[in-house]
Amino acid sequence: MSTIDANLEPAIAAAKERLDQHTVEIVHRHFHESTGCPFWLEKKKELNFDPLTEVKCYDDLKKFPAFEDDWLRGGPVERWVMNDYKDKPTYVFETGGTTGVPKSRVVVNDFREDYEIFSDTLPDEYFPRGGNWLMLGPSGPRRLRLAVEHLAQHRGGISFCIDLDPRWVVKMLKKGWMEQVNEYKKHCIDQAITILTANHNIKCMFATPKLIESLCEGLEERGMTMADTGITGIFSGGTEFTPQWTRFCVEELFGGPAEESGIFMTPTYGNTLMGLACSKPVTAAEKYKISYYAPQPRAVTEVVSFDDYNQYVGYGETGRVKLTTLTPEFFVPGFMERDEGEREMPFETYPWDGVSGVRPFHEIASGTTVGVY
Amino acid sequence: MLEIPVVRWGKPYESLETTEVTHFNTNEPIAKVHSANGGLVTRDMRTAQKARDTLRQFSCKQLIDMVAKAADYFENEELPMGNGTQTADDFVHQQSASTGLPQHMCRSNMKKNSFVMRNMTEILDCLTRGLDLEIFSRGYGMEKRGVVVSFQAQTPVLGAVLPSNSPGVHTLWMPAIPLQMGLVLKPGSSEPWTAYRVASAYEKAGIPKEVVSLYPGGHDVGGALLTACSRSMIFGSQKTVDQYAGNPGVQVHGPGFSKIFLGDDCVDDWEQYLDMMVESVYINGGRSCINCSAIYASRHTEEIGKALAEKLGPIEALPPENPEAGLAAFTVPGMGQAVWDMVKGDLAKDGVTDCTADYGDRVVELEKASYIRPVIARAASPECEIASKEFMFPFATVVECPQEKMIKAAGPTLVGSAITNDMKFIDQLTDATNIDRLNIGPIPTNRLNWLQPHEGNIIDFLFRSRAYQMPEEKVAELV
């Protein structure tokens, strides 16, 4: 097992202290009658401890039972609205939902805050302030579309988007309608290329890995490259990212690393329940290894043993990804993600644990349709 | 450890992702195989035409000669394999170790593949109905009867998503190179051996290596290959067959549901045909689409079932190196039991008799793998669900069915062997569109005549016959 650089220890300790403090504040908000949402205030009655007095640090969150994602399905959705946010404009975002009731998350301001924090990690050289954006990802009741739009606006740009219904894509895949899936993909790419070639000064883009690939193919069919579109910065996510794909994308689709091709791509990991985990810079020297770091203290990712979800695995070892969300408007203690990966060590930029090699959790991977868009 | 790269138009490509090919029972690693991603395939296929252009610098005859030479290399020589080399014996041992197929079956599949490579002239002569191969090369030409014909290539390359469990099927893509079409192969995850060894033998025989691509990888690679190649073949389950049904660019090879039909005029002499029935069910571990999965007869079905069970029921699972081994292992843990549970469910239904019930347990569990010993069922009518089932081990149902209802009841049938001299029945069988390959007489379903097309003529798949008119003086030049 690798050991942590001793020079980092003060930064790690400070981050831990900040996380402990933040945890106590957030738990107080969510379990206090004046501020908490109906769901947690009701759940509090079932707990065998008092969160208001017995959560004194992050580790105390282990006292909570495992968060069940079914709690997020069905209504009334208002049970998730914080008591002191009742009068604020509220959004609901969904995840899943190809069949059955999707999971819902209510949001007042979280998506803005998460993406503003993320914005600070983007290099202005490739994501120029004032540049316009293209959101090449799912539309509909998803957080991503509004979040990217806000990111663009926060950076002084305007975001264009396309129509893309991932639920329909999943249905087509399940039915084996591959020809129609390909046609639908073309339809999405056609929309994107139409926008990109209409003089909108688009410099930045969000796209899933598959759509980046399809976009590059679509451009090449028209005798163009990604560089010809004027795009210089891409943040990508939404589906599984592998080092091999990243290498392929950088070397063959973009024509080289950012210094040569002029196109910078940063992988991210996130979902509707959490903010956006950024990646450590991805380089050929590190074999395009992708390590994600959650936006602590608002969200925490941990890599835990497959047998005991309260037990960390060693650095470099494989485990399941456990997610904790700690924002003033949403509290999720210990949600077991559908992913697994390797535990990564803290480093200067993010003095807390990361996760690399994220991929579908092996026990459920075969039954899940992932990475559809 | 042996390390096998992706091959992109003849050039090795080391991926950042690899998978291990392991021994089917001990999990001991045999080779590390680099995994492509779908995008690589799509990207490379933009230059697929180069493969055909390169091959058209040779005549079909020259390519046939090279393939014949490659047959010898494939069958006998030590050839480059990834970062090492592989002898013919290594090939047999590695293939058996990763697929669970007995070694003697691997060797016989190897011979089958080299036979096809060696006899390509005759095979293509039959597949083209004797046309001059120059017509396929140039796209048009003069037929022997003095008529201009045109066969237009529909693709510069043939793609194939290959299986892991049936090393005998590789004969199907072998005509591509002599027909001046490149090869784009996705080898099966536990059987990379044949595709890589053939490519190696081809290269040694002088076929330019840049006309072959090999993309081991996951499902995205298969999907990309099928989308990017305008003509490709895939091997899979009924689900795969249904998925690609009606797609003119994809030739699907799925379950065969091959059958034997005993005509009323011969059924009373069924004992004479017992060995032929046993061979049809049992050969090659019962894994092939050409293995018989149902025997139709209007009477004596109980005796036939009992006699087949007596021959097949006692067969034991033997280690793959044993020359008597006749069963192939299920290499996915738990798979043998899962398949057996399905069979058991069918056997328990009304009208079905388990003829092998008295021959001991059918499932043999090993450390990581399992075997299913032969199962013979008897169904009182074709309506019994088991009558239309096929499994990846020696399995057949003896179905009682009046002769006049046999053809309709049989459903899709890759190989039908009809034991009859009744001309009316023979005519009906000949006209039956649900039967692909038809054998008249006691020919085991597995005995393929290589001079006959298999599941769709590859010439029809790769070329389009079309009108081609020329001025008389040009026609005269063709004579």
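Helix α8(A) has 13 residues, and from its first C-alpha to its last it reaches 19 Å, close to the 18 Å expected at 1.5 Å a residue; the expected span is 1.5 Å times one less than the number of residues. Helices here are DSSP runs of H or I with at least four residues, numbered from the N terminus. This is a predicted model, in which local features need pLDDT of at least 70 and side-chain atom pairs count only at pLDDT 80 or more, while totals for chains, interfaces and linings use all residues. Residues are numbered from 1 along each chain as its sequence is written, and chains are lettered from A and ligands numbered from 1 in the order in which they are written.

Among the buried residues of α8(A) are L211(A), I212(A), L215(A) and L219(A); buried means that 20 or more other C-beta atoms, placed from the backbone, lie within 10 Å of the residue's own. After α8(A) comes G223(A), with a positive phi near 75 degrees.

Between the chains, 14 residues of chain A are in contact with 11 residues of chain B, contact meaning C-beta atoms, placed from the backbone, within 7 Å. On the chain A side, two or more residues each come from α7 (178-196), α8 (209-221) and α10 (243-254). The most come from α10(A), with 6 residues.

Within chain B, the axes of α11 (residues 274-282) and α12 (residues 301-312) come within 10 Å and cross at roughly 60 degrees. The contact involves residues including L274(B) and V278(B) of α11(B) and L308(B) and L312(B) of α12(B).

Technical notes:
Contact = placed C-beta atoms within 7 Å. Axes fitted to C-alpha atoms, helices over the stretch in contact; angles between N-to-C directions. Buried ≥ 20, exposed ≤ 12 C-beta atoms within 10 Å, placed from the backbone.
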